[in-house]
Amino acid sequence: HVGDIVIADSIRRPGERNLRRIVAMGGQHVLVDSEGLHVDGVLQKHIHQRGSDVIAPKFMLFPDVELDPDHLYLMGDNRGNSFDSRTEGPYSRSRIHGKATAIWWSSAPQRRGAFPTP
């Protein structure tokens, strides 16, 4: 679901797995511009992430994407320092290995523990 944090194979770095947040799912349109992240034309609120949604143009290769049904648009919460769908393109569901369910360690102790589930 949008908002979930998943464990995904890196497209750019084979053999590496990363934690990324699902920001859009199959069939949705994603646009990253100077205002931020838009999904289906709606500017998304900055809830969990740090940094700008916009990165250097030489890295942001996929700022405007219509997602195929079996693809996800993933972004790291540390937006300014993350290789994700902006740089690697949409992720197929086959690259997803599971959903993160808890924070094991954080520099902010109040953030440790299980993620709330709907």
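This short talk walks through one predicted model, from its sheet to its cores and a pocket.

Some ground rules. The model is predicted, so local features need pLDDT of at least 70 and side-chain atom pairs count only at pLDDT 80 or more, while totals for chains, interfaces and linings use all residues. Residues are numbered from 1 along each chain as its sequence is written, and side-chain values use heavy atoms, with hydrogens and water left out.

I start with the sheet. Strands here are DSSP runs of E, at least two residues long, numbered from the N terminus. Two strands pair if DSSP finds at least two bridges between them. Five strands make an open sheet in the order 8-7-2-1-9, with antiparallel pairing. Strand 8 and strand 9 (96-99) are the edges, and each pairs on one side only. At one end, strand 1 (residues 5-9) is joined to strand 9 by 3 bridges, and Ile-7 stands opposite Gly-98. At the other end, 2 bridges join strand 7 to strand 8 (residues 91-92), where Tyr-91 is the bridge partner of Leu-72. Strand 7 also has 3 bridges to strand 2 (residues 17-24), and Ala-24 stands opposite Tyr-73.

Now, how many residues of strand 7 are buried? Buried means under 20% relative accessible area, with a 1.4 Å probe and protein chains only. In strand 7 (residues 71-75), 5 of the 5 residues are buried, so the strand is largely enclosed by the rest of the structure. In a regular strand, side chains alternate between the two faces of the sheet. Here both faces are covered: His-71, Tyr-73 and Met-75 lie on one side, and Leu-72 and Leu-74 on the other.

The next topic is the nonpolar cores. A nonpolar core is a set of buried Ala, Val, Leu, Ile, Met, Phe, Trp, Tyr and Cys residues joined through side-chain atoms within 4.5 Å. The largest has 12 residues, including Val-23, Ala-24, Val-30, Val-32, Tyr-73 and Met-75. Strand 2, strand 3 (29-33), strand 4 (36-39) and strand 7 each supply at least two of its residues. A second, separate core of 6 residues includes Val-6, Ala-8, Leu-72 and Tyr-91.

Two single residues next. Ile-22 is found in strand 2 and is buried, with a relative accessible area of 5%. Contact means heavy atoms within 4.5 Å. Leaving aside neighbours within four places in sequence, the contacts of Ile-22 include Val-2, Val-6, Leu-72, Tyr-73 and Leu-74.

His-38 is found in strand 4. Is His-38 buried or exposed (over 50%)? His-38 is buried, at 9% relative accessible area. The side chains of His-38 and Asp-33 are joined by a polar contact of 2.9 Å. A polar contact is a pair of N or O atoms within 3.5 Å; within protein, one must be able to donate a hydrogen and the other to accept it, and residues adjacent in sequence count only if both atoms are side-chain atoms.

Last, a pocket. On a 1 Å grid over the protein atoms alone, a pocket is an open set of points where a 1.4 Å probe fits, with protein on both sides within 12 Å along at least five of seven lines; lining residues have an atom within 4 Å of a point. Grid points are joined across faces, edges and corners, and a volume is the space filled by probe spheres set on the points. The second largest pocket holds about 240 Å³. It has 13 lining residues, and the closest to its centre are Val-2, Arg-21, Gln-44, Lys-45 and Ile-47. Strand 2 gives the most to this lining, with 3 residues.

Terms used. Helices (H or I, at least four residues) and strands (E, at least two) are DSSP runs, numbered from the N terminus.
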